[in-house]
Amino acid sequence: MQPHPPEPFRIKMTEPIRLISPQDRQEAMQKAGYNLFALKAEDVYIDLLTDSGTGAMSQHQWAAILEGDESYAGARSYYRLQQTMQEIFGFEYFVPTHQGRAAENILSSILVKPGAIIPSNMHFDTTDANIRARGGDPENCVIQEAFIAQSTNPFKGNMDIDKLETLIQKTGPENVPFGCITITNNAGGGQPVSLQNIRETSQIYHKYHIPFFIDCCRYAENCYFIKTREPGYEKKSLLEIANEIFQTADGAFMSAKKDAIVNIGGFLAVRDAELFQKISNELILREGFITYGGLAGRDLDAMAVGLREGLDDEYLAYRIGQTAYFGNRLLENGIPIIEPAGGHAIYVDAGSFLAHIPHSEFPGQALAATLYLEGGIRGVEIGSVMFAHPDPQSGEMIYPQMELVRLALPRRVYTQSHLDYVVEIFKKVGQHRQDIHGYRILYEPQFLRHFTAKFTPLA
Ligand code: F0G
């Protein structure tokens with residue numbers, strides 16, 4: 001088996017973590033309504049809830065923070081970020097936003113009208129919800145293999161090009177104000193999209209004069225997969241690959257909390273001057289002036305440095321190597337995961353691990369709760385709690401094709417021994433999986449229910 005890669009850094013500052021007692025974990029869960037989002041973070045031992053905003057910044061990023069220019073308009077920090085943005089993404093215009101969903105909200109508020117269809121390989125939950133909140137209909141056109149956990153297709157995040165074109169023809173291109181692709185595909189296992197597929201996706205959108213946007217939170221990890229898996233790209237630099245990706249698009253939105261390794265930040269970038277004007281107006285109304293977009297100047301500097309670090313060869317080899325190590329160790333111990341390991345996370349196939357629990361009783365939620373109760377580990381359900389919704393016509397519940405628990409790896413935070421501990425807990429859970437029971441929802445809000453729902457155990 002491939003060993004855990006040595007970290008290309010050493011540790012200069014530490015943050016204590018502790019494992020509270022089984023009894024205290026039980027109490028904490030009851031208080032949280034069995035929703036892991038409602039736990040106090042200090043009651044969590046190994047926190048794999050998300051890789052978003054949880055990375056460790058480097059000494060260069062912290063140094064850049066001290067140079068932050070807090071001028072309201074035209075700060076130096078903005079121009080430093082602009083230069084990095086130009087080099088990597090090359091869009092004519094951009095605004096910083098406080099995080100990814102702010103960019104999604106702005107784009108949706110301008111372009112999505114009731115009845116509009118927005119295709120993607122797979123929308124992540126916030127994009128999905130922002131489109132729905134404006135009366136639009138987000139549609140997923142990822143290849144079918146994305147739903148086959150054991151399929152080892154190297155680009156399982158790819159768009160099904162025929163499905164996309166059929167959808168556009170059926171809907172009428174005039175009802176598709178923009179189209180997306182998410183790289184890597186977070187909702188489907190953190191799986192990458194090939195450059196060839198990105199190019200074909202772009203061609204289809206452009207054939208129908210539909211602007212093409214890339215949700216590029218984890219574009220750097222996607223670039224690394226292209227370099228190591230797609231024939232013809234072995235010798236290209238990661239920056240060249242990134243340039244080639246973004247040349248195909250009319251715009252991009254990014255939660256910089258992922259591959260820019262910052263604790264807060266994002267952007268919305270476009271080529272079209274008129275659209276940029278509308279974006280600026282909306283940003284100023286809700287977020288802040290166009291040269292800071294709801295962030296502090298220092299945040300822009302941390303982002304400018306982090307964008308470059310996130311695209312570094314050695315860093316990405318370690319990053320993707322760590323995820324692969326973790327995935328292989330789970331597989332070795334009989335835990336079903338989406339294969340091959342994705343970029344930022346391992347997705348455990350809770351639907352097959354807990355095959356005795358039906359969709360309606362949330363097997364992913366059940367596994368996530370068990371991991372906390374058993375070992376103080378926090379993952380996140382990506383299954384029916386997050387995505388099941390009633391059919392608008394029949395009212396019948398539509399369940400997602402997979403019931404997953406995502407174990408996301410914060411960047412530069414946990415070491416091999418932390419991951420080995422998680423594997424040991426999985427081994428223990430595996431021994432009594434038949435006794436694990438489902439859950440029922442006691443409360444849910446209208447949108448994004450997984451964040452605040454309350455549950456009760458069904459035993
Ligand atoms: N798009 C994708 C693919 C994401 O994974 C996320 C966030 C967003 C957009 C929204 O960005 O959180 O900065 O507003 N994903 C986090 C996660 C929350 O845990 O996967 P945000």
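Domain 1 and domain 2 bury about 2800 Å² between them, with carbon and sulfur atoms giving 58% of that area; buried area here is the accessible area (1.4 Å probe) that two parts lose on being put together, summed over both. The model is a predicted one, so local features need pLDDT of at least 70 and side-chain atom pairs count only at pLDDT 80 or more, while totals for chains, interfaces and linings use all residues. Numbering runs from 1 along each chain as its sequence is written, and side-chain values use heavy atoms, with hydrogens and water left out.

As for who is who, domain 1 is made of 22-51 + 312-457, and domain 2 covers 59-309, with bounds taken from an automatic or database domain assignment. Their C-alpha centres sit 26 Å apart. Domain 1 puts 31 residues into the contact and domain 2 puts in 37, where contact means heavy atoms within 4.5 Å.

Five salt bridges link the two domains (a side-chain nitrogen of Lys or Arg within 4 Å of a carboxyl oxygen of Asp or Glu). Arg411 and Glu221 pair up this way through their side chains, at 3.2 Å from N to O.

On the side of domain 1 that touches domain 2, the elements giving two or more residues are α12 (313-332), β9 (345-349) and α15 (384-387); helices (H or I, at least four residues) and strands (E, at least two) are DSSP runs, numbered from the N terminus. The top contributor is α12, with six residues.
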